[in-house]
Amino acid sequence: MSVALQVGIIVGYLILALLVGVYAYRLTDRTAEDFYLASRTLGTVVLLFTTFATLLSAFTFFAGPNIAYANGPEWILVMGLMDGIVFAILWYVIGYKQWLLGRQYGYVTVGEMLGDRFGSRYLRGLVAGVSLLWLFPYVMLQQVGAGTALEALTEGAIPYSVGAGLITLFMIVYVVLAGMRGIAWTDTLQGAFMLVMTWVALLWVLVAIGGPSAATATLADSAETAGFLSLGGDFYTPQWMLSTAITIGFGVALFPQVNQRFFAAGSRKVLKRSLALWPILCVLLFVPAFMLGSWAAGLELSVPAGDNVLPVILAEYTPTWLAALVIAGAMAAMMSSSDSMLLSGSSYFTRDLYRPFIDGSISDHREDLIARVGVVLFATAAFVASLYNPATLFEIGDAAFSGFAQLALPLMVALYWRGTTRAGITAGIAASQTFYLASLFTAIFPATYAGWTPGVVGMAIGLALTVGVSLVTTPATDERRARYFEGVGGD
Amino acid sequence: MNHGSLELAGWIAVAVVLVSLAIPWFLWGVETTAAGLPVWLWWHVGWMLLASVVFRLFADRAWGIGIETGDGTDGDSDHTERGVESR
């Protein structure tokens with residue numbers, strides 16, 4: 001019953017998403033800008049929830065409660081700081097400026113924006129290349145996750161490769177059809193659904209175990225979890241909490257599918273309203289999702305090693321249909337992040353690699369077609385990789401947030417300091433990426449610096465080099481130094 | 001320092017405070033609970049609500065500061081509140 005129900009719910013979601021995609025397809029202009037950015041027309045609710053659903057996917061649902069289960073509810077503070085505050089500030093500092101520049105000059109990607117200002121297609125290609133390097137394995141991880149979840153859900157009836165393949169095929173059809181508009185619409189349904197289901201689940205569990213005070217009392221009673229209630233600990237050191245919040249908060253802002261949403265807002269008003277609602281939305285999801293994880297630690301549940309805690313606590317205390325809905329929602333959340341990543345990955349490839357380096361003369365119509373072909377290639381390649389599931393790719397995917405965070409400070413320097421030179425920003429990006437990759441894959445650099453992670457140290461290196469090299473070099477003649485500073489905000 | 005950059009410095013200070021105290025460092029090691037949740041979690045929830053109010057105020061009063069150079073005419077109807085002070 002449970003298996004049939006869960007599969008039924010997932011299939012139902014897929015059909016609903018496909019219908020939305022077909023409807024969105026009928027509204028599109030068949031231009032690249034419409035495909036990638038819905039022609040910059042997203043409204044407040046849609047922009048807010050599409051960013052929310054894209055940002056907070058399977059990671060929030062599965063990994064977040066697992067961390068809170070193992071180490072205590074401080075994870076709420078870390079996620080609240082990184083998403084609710086740091087990302088919100090970047091929403092203005094990076095996002096609003098990008099939105100203005102994008103509207104003024106027609107930028108679709110951040111690489112395009114930087115390449116134009118610094119008069120360098122190589123810089124543009126570098127930003128896109130670096131982004132794809134981190135994005136590709138991250139997409140692969142989602143396919144691995146979806147394949148594994150489907151296999152577990154159907155008790156092996158759908159083998160891993162078939163499950164991952166079906167999900168990939170579905171995503172291709174859906175993204176190629178729907179583009180940004182359709183994805184944003186399904187994300188909106190998705191985000192609202194996630195939020196409601198999490199609260200229903202929380203209330204259900206709390207009623208079953210006698211309320212929050214009783215649940216917290218069980219934590220205090222057990223020697224293993226007694227430390228959960230005091231702020232901080234061996235796992236949650238100030239350096240680790242701040243490193244994590246900083247690298248993920250900045251990394252998220254440069255994740256292609258999130259960064260590109262900065263270009264897609266319909267108006268200033270949309271950006272303003274979204275900013276004010278953002279911290280509330282975050283706290284509304286994080287508190288119930290991660291408290292469930294933490295409270296589970298005080299209850300006598302057996303969570304098999306490698307399994308997620310959320311399905312276990314739901315299976316124990318809530319009816320089958322509710323657990324099925326929440327898990328199906330999490331599966332769908334995984335897919336809703338992946339489809340946005342595919343779309344953005346394809347646009348980075350088409351605009352920043354194909355056009356500047358292979359064929360710059362293509363028409364807008366043709367670019368739209370190439371973008372859709374790009375989605376197919378990107379998804380298929382990630383699927384093939386997911387079948388082998390190589391350890392190296394796994395590590396890169398896991399480190400993707402910190403990898404993207406390395407791009408944030410050079411970008412911010414360029415956006416706000418006229419003195420930035422092409423040599424400066426190129427050095428800042430190249431060196432911080434090299435440093436961070438070397439930290440991941442070689443033993444040249446230490447694993448931590450007095451408790452701070454290599455991700456944060458790399459960001460500091462990128463900042464220092466961007467500023468330092470800019471100070472000692474002169475701008476190239478084809479740089480457009482005034483590009484980000486004159487007439488910004490004028491229509 | 002003119003009026004505009006003073007205002008900008010003020011908002012930057014507000015942002016720094018918002019970031020600094022989202023995690024209540026002064027409650028480090030405290031394990032008191034209230035209504036079933038640790039007090040430091042209540043602080044965080046309250047802080048996020050405060051952040052929302054601050055962002056709202058910022059959007060209403062200072063949106064565009066530090067970014068808009070405003071040497072064009074503004075066509076957006078929702079954007080007339082930002083005067084010359086930041087320009």
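Modeller: Buried area is the accessible area that two parts lose on being put together, summed over both. This is a predicted model, and in it the area buried between chain B and chain A is about 4,100 Å², with carbon and sulfur atoms giving 72% of that figure.

Biologist: Which residues make up this contact, and how many come from each chain?

Modeller: Chain A contributes 53 residues and chain B contributes 48. Across the interface the rule finds 11 residue pairs in polar contact, both residues being at pLDDT 80 or more. On the side of chain B that touches chain A, the elements that give two or more residues are helix H1 (3-20), strand S2 (37-38) and helix H2 (39-61) of chain B, and H2(B) gives the most, with 13 residues.

Biologist: What makes Glu68(B) and Arg268(A) a salt bridge?

Modeller: Their side chains meet at 3.3 Å, N to O, and the cut-off is within 4 Å for a side-chain nitrogen of Lys or Arg and a carboxyl oxygen of Asp or Glu, so the pair qualifies. The count between chain B and chain A is one salt bridge.

Biologist: Why are Glu68(B) and Arg268(A) called buried?

Modeller: Buried means under 20% relative accessible area; Glu68(B) has 5% and therefore counts as buried, while Arg268(A), at 0%, counts as buried too.

Biologist: How do you know that the length of helix H13 of chain A agrees with its number of residues?

Modeller: At 1.5 Å a residue, the 31 residues of H13(A), 268-298, should span 45 Å, and because the end C-alpha atoms are 47 Å apart, the two values agree.

Biologist: What makes H13(A) largely enclosed by the rest of the structure?

Modeller: Of its 31 residues, 25 are buried, so the helix is largely enclosed.

Biologist: Why is Arg483(A) called partly exposed, whereas Asp116(A) is called buried?

Modeller: Arg483(A) has a relative accessible area of 22%, which lies between the limits of 20% and 50% and therefore makes the residue partly exposed; Asp116(A), with 17%, falls under 20% and so is buried. The side chains of Arg483(A) and Asp116(A) meet in a salt bridge at 2.8 Å, N to O, and this pair links distant parts of the chain, 367 residues apart.

Biologist: Which side chain does Arg117(A) meet in a salt bridge?

Modeller: Arg117(A) meets Glu479(A) at 3.1 Å, N to O; the two are 362 residues apart, Arg117(A) in helix H6 and Glu479(A) in the segment after H20 of chain A, and both are buried.

Notes
Residues are numbered from 1 along each chain as its sequence is written. Chains are lettered from A and ligands numbered from 1 in the order in which they are written. This is a predicted model: local features need pLDDT of at least 70, side-chain atom pairs count only at pLDDT 80 or more; totals for chains, interfaces and linings use all residues. Side-chain values use heavy atoms; hydrogens and water are left out. Helices (H or I, at least four residues) and strands (E, at least two) are DSSP runs, numbered from the N terminus. The expected span of a helix is 1.5 Å times one less than its number of residues. Buried means under 20% relative accessible area, exposed over 50%, partly exposed in between (1.4 Å probe, protein chains only). Contact means heavy atoms within 4.5 Å. Buried area is the accessible area (1.4 Å probe) that two parts lose on being put together, summed over both. A polar contact is a pair of N or O atoms within 3.5 Å; within protein, one must be able to donate a hydrogen and the other to accept it, and residues adjacent in sequence count only if both atoms are side-chain atoms.
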